[in-house]
Amino acid sequence: MPDQPDQSHPAGLPDPADQPQADRLLLTYLAVAMVATGQPVHEIDEELAAVGRRLGHPDLQVAAGPTSVTLALAAGEPATVETVNGSLRLDQAHEVRLIRGQLLAGMIDRAQALARLTSLRGRPQRYPGWLSALAWVIASVGIGLILQPGAANVVLTAIGSGLVLGLARLSARSRALATLLPSVAALVVACLVFGAASAGLVDGALRTLLPPLAILLPGAVLVTGLSEIAAGAMVAGVSRVGYGIVQLLLFALGILAAAALLRVPPEALSNIRVDGLGWWAAPLGLVLVSAGLCLMESIRLSLMPWVVLVLLAAFGAQALGQQLYGAQLGGFLGGLAASLGAALVELVRPQLPRLVLFLPAFWMLVPGSLGLLSVTELALGPMGAASAGFGVVQLVGAIALGLLVGSVLARSLRAALRRGAAVSP
C-alpha cells in the first residue's frame, strides 16, 4: 500500500538515514508544489525527471494530476501518494522554481529543500491584507477597461468586484459557499448590473458583468487542460476541461437566475461592447491588471516591469493576430508570445522564473470571460449562439496550441544554448 506522508509539521519528515524514502518524499512534495503553481502535468513530468536524475534516480515513475501525485523512484518500488491542497501564490511559485533550480545545480541539500517545501504554504503575504484586497478591485477595473470601456460600466465593475471579493473571503469559512461561489457571485453581480441597466444607467449589461467575475473564471484551467490533452496528458487534461466547463455552467446559472428574478428581457442581454473612453482605456487597463495581479500574488516590485513586458508582448501579439485574421489567430499568437516571451526573459535573467512572468500574461488572454459570455447566450437563445460557442472552443484551442508551440520552441532554444555552451572553449 502506498504510504501517505504527513505534511503538517517537521516531525512527519523521514529519517535522513533512510535516503530512498527521504528522496521519494522530497520529489513528491516538489511535484505537489509544482502542480499547485498551475503548471501543466506534462511539463512537471519532464522537469521532475531531471531532478530525479540529479539525485540518482534515473528511472523515476511519477503520475501527476490536478488534485494528487503518485511517485516511485523506480518501477516496482514503494510509492508515495500526496494530495494537492489548493493553489499557490506566485511568490510561492517563485520559491518552488528556485528550489528546483538549486537542486539541479547542487546548491542545496535534500534536507534543506524538503524543509523549505514543507513550510511553503505558511509563508505570509508580502503586502498588507488591505492592499491585496484593493489590488483585486484594481485588476478587475483593468479588465473592465479592456472588455467594456465605458465610464459607468467601469464604476459598476469596481462595485461588483468589491462584492465578489467579500464573497470570496466568506467562502474560506463556509464549505457550502465555496462550492456555490460561482453561482452566488454571478447572481449578486448580475442583479447589480441588470438593475443599473433597467434604470438606464449603463448599456451592454451582459458584457459589463464579466470583469467583476473575471478573476474567478476558469479560463486558465480550460487552456491548460487543452494544452495537456494536446501533449498527451489525457487524464489530467480531460479532468481540467470538464471542471472548467462545470464552473462556467455554475456562473451562467447565477446570471440566468438574476435575469429571471428581475424579469430582464432576452434582447437586453445581447453582446454589446461600449467604447466611450477612447484609445487610452486598453493601455491603462493593462497597467492596472499588471499592478493588481502583482500585488494580489505577492510578487516583488522589482519583478513588475518584467511582468508588464511579457504581458504587453502577449496583448500586442493577440491584437495583431485579430487584425490580420481574427480571434483565433490572435489567441494563437497571444499564447505563443506569452509562453516564448517568458522563456526568453528567463534565459536572459535566470533569477526571474518563467512561470511567474508567464501566468499574468496567460490570465490576460481571458478565454474564461468569452466562454461565460457564450454559455449564457447559448442558454438564452440556443439557435443563435451555437456558432458563438463553437468560436470560443476554437479560441481556447488556439491559445492552448500557441502555449504548446511556445513551450516547445523555448525548450529547443534552451537545449541549443546548452549545446553551444558545452562545445565552446
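Two strands count as paired if DSSP finds at least two bridges between them. Strands (E, at least two residues) and helices (H or I, at least four) are DSSP runs, numbered from the N terminus. This is a predicted model, where local features need pLDDT of at least 70, side-chain atom pairs count only at pLDDT 80 or more, and totals for chains, interfaces and linings use all residues. Residues are numbered from 1 along each chain as its sequence is written, and side-chain values use heavy atoms, without hydrogens and water.

**Stop one: the strands.** Select residues 79-83, strand β3. Find Ser68: its bridge partner in β3 is Thr83. Now look at the hairpin turn, with six residues between β2 and β3. Gly76 sits there, with a positive phi of about 85°.

Next, select residues 61-64, strand β1. β1 pairs with β2 (residues 68-72), again antiparallel, over four bridges. Gln61 faces Ala72 in β2.

**Stop two: the nonpolar patch.** Select Val155, Ile159, Leu163 and Val188. Together they form a surface patch with about 300 Å² of accessible area (Shrake-Rupley method, 1.4 Å probe; for residues, only the protein chains shown count as cover). Patch residues have over 30% relative accessible area and no salt bridge, and nonpolar side chains (Val, Leu, Ile, Met, Phe, Trp, Tyr) are joined within 5 Å, like charges within 9 Å. A salt bridge is a side-chain nitrogen of Lys or Arg within 4 Å of a carboxyl oxygen of Asp or Glu.

Colour helix α6 (residues 151-171): it gives the largest share of the patch, three residues. Val188 lies in helix α7, residues 175-198.
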